[in-house]
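Reader: I am new to this structure. Could you walk me through how to read its features?

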Amino acid sequence: MIYLDYQATTPLAPEAREVMMPWLAGPDEPGFANPHSPHKPGRAAAAAVEVAREQVAALLPPGGKVVFTGSATEALNLAILGLSPKRIAVSAIEHAAVLDTVQASDARVDVLANDSAGLVAPDTRIAAGTDIVAVMQVNNEIGTIQPVEALAEAAHAAGALFVCDAVQGAGKLAPPAGADLIALSAHKLYGPKGIGALWVRDGITLQPLIHGGGQEQGIRSGTLSPALCAGIGAAAALADARMEEDGGRLEALWRRARDMLSHWTLNGSTEQRWHGNLNLRVDGLDVARLMSELRDIAFSAGSACASGSGRTSHVLRAIGLDEAQAKSSIRLGFGRYTSLGEIEDACARINAAAAAQGV
Ligand code: PLP
């Protein structure tokens with residue numbers, strides 16, 4: 001199996017798995033303790049959670065706190081709904097975790113325009129009276145990198161807070177400077193599934209969404225999993241240490257894949273993009289047939305969240321593709337554990353299968 005779906009999820013780093021294991025111990029080891037218990041094993045678990053919090057904080061700007069959540073989706077719900085906004089501005093190419101959350105709020109929603117490269121203009125005007133501007137750092141379908149620093153400034157100039165979905169950028173790029181709230185997810189940075197984090201700038205108060213024991217600083221109730229916390233912490237530390245090395249490897253893979261698939265059209269900006277993603281189309285391609293012929297290559301038709309729903313990707317439509325173009329697009333995502341040989345093999349087979357369709 002060649003795994004080329006790194007935007008859907010990343011493999012768990014062996015280093016992160018190893019750090020998690022003692023916290024998944026059976027009855028004979030103390031690692032199962034509740035990190036909110038005041039006894040010795042509980043305090044040891046709490047200490048591991050705090051180490052992890054520091055490790056995650058190191059990926060984020062100074063001057064804020066990290067709140068652990070069950071996912072980035074939960075973190076984004078907390079960021080948006082927890083601010084009780086009356087008016088929100090979002091880009092049209094946000095993940096459903098943002099788009100559906102703003103729709104579920106009582107706020108008036110303004111949609112910020114993007115161009116055909118999948119970018120929101122840095123000088124986009126934000127309407128007076130806007131409480132939140134939410135624009136993602138890296139798009140999960142087409143890999144475009146938004147001018148988030150400039151957009152954070154535009155938000156602040158209008159008196160709004162800037163919420164950034166950094167799920168696809170965290171641990172890979174510098175954090176979105178100027179953001180007031182930043183969401184990330186462990187399983188997109190080689191950590192475990194089931195844990196995310198929300199970074200909240202000091203001085204910002206959020207209304208909790210989940211009520212109960214008040215465990216996460218009174219903002220998010222529920223017993224934390226020391227194993228998941230240790231996993232996200234180790235994954236964050238590793239990503240921080242390897243950021244340059246991981247990025248450099250990806251450049252080489254991206255260039256080779258782009259070369260081998262040079263007759264495919266790239267969806268989204270060529271320059272402002274993350275090089276672990278290739279979203280490509282070729283007119284007339286039957287993507288379902290391609291995928292069924294290449295069952296041992298795991299890749300995606302559009303976003304993993306939208307695939308299977310029968311809906312055309314809202315991101316591809318927002319960059320101006322028509323239904324047929326969107327439906328003839330594939331997403332290849334690669335990362336830390338992808339080898340050059342895998343890229344070459346996959347691209348050759350994708351090309352051959354597409355050629356057999358006569359496209
Ligand atoms: N935002 C983006 C850009 C994503 O790619 C994803 C996951 O696909 C999410 C948010 C949701 O993350 P999680 O799976 O942690 O809820």
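Author: Gladly! Start with burial: buried means under 20% relative accessible area, exposed over 50%, and partly exposed in between (1.4 Å probe, protein chains only). R349, at 27% relative accessibility, therefore counts as partly exposed. This is a predicted model, in which local features need pLDDT of at least 70, side-chain atom pairs count only at pLDDT 80 or more, and totals for chains, interfaces and linings use all residues. Residues are numbered from 1 along each chain as its sequence is written, and side-chain values use heavy atoms, leaving out hydrogens and water.

Reader: Which residue forms a salt bridge with R349?

Author: A salt bridge is a side-chain nitrogen of Lys or Arg within 4 Å of a carboxyl oxygen of Asp or Glu. R349 pairs with D296, with the closest N and O atoms 2.8 Å apart. Helices (H or I, at least four residues) and strands (E, at least two) are DSSP runs, numbered from the N terminus. R349 lies in helix α10 and D296 in the loop between α7 and β11, so the pair ties together parts 53 residues apart in sequence.

Reader: How many salt bridges does the structure hold?

Author: The structure holds 15. One of them joins the side chains of R331 and D5 (3.1 Å, N to O), and both residues are buried.

Reader: What about the largest nonpolar core?

Author: A nonpolar core is a set of buried Ala, Val, Leu, Ile, Met, Phe, Trp, Tyr and Cys residues joined through side-chain atoms within 4.5 Å. The largest here has 42 residues, and α6 gives the most to this core, with six residues.
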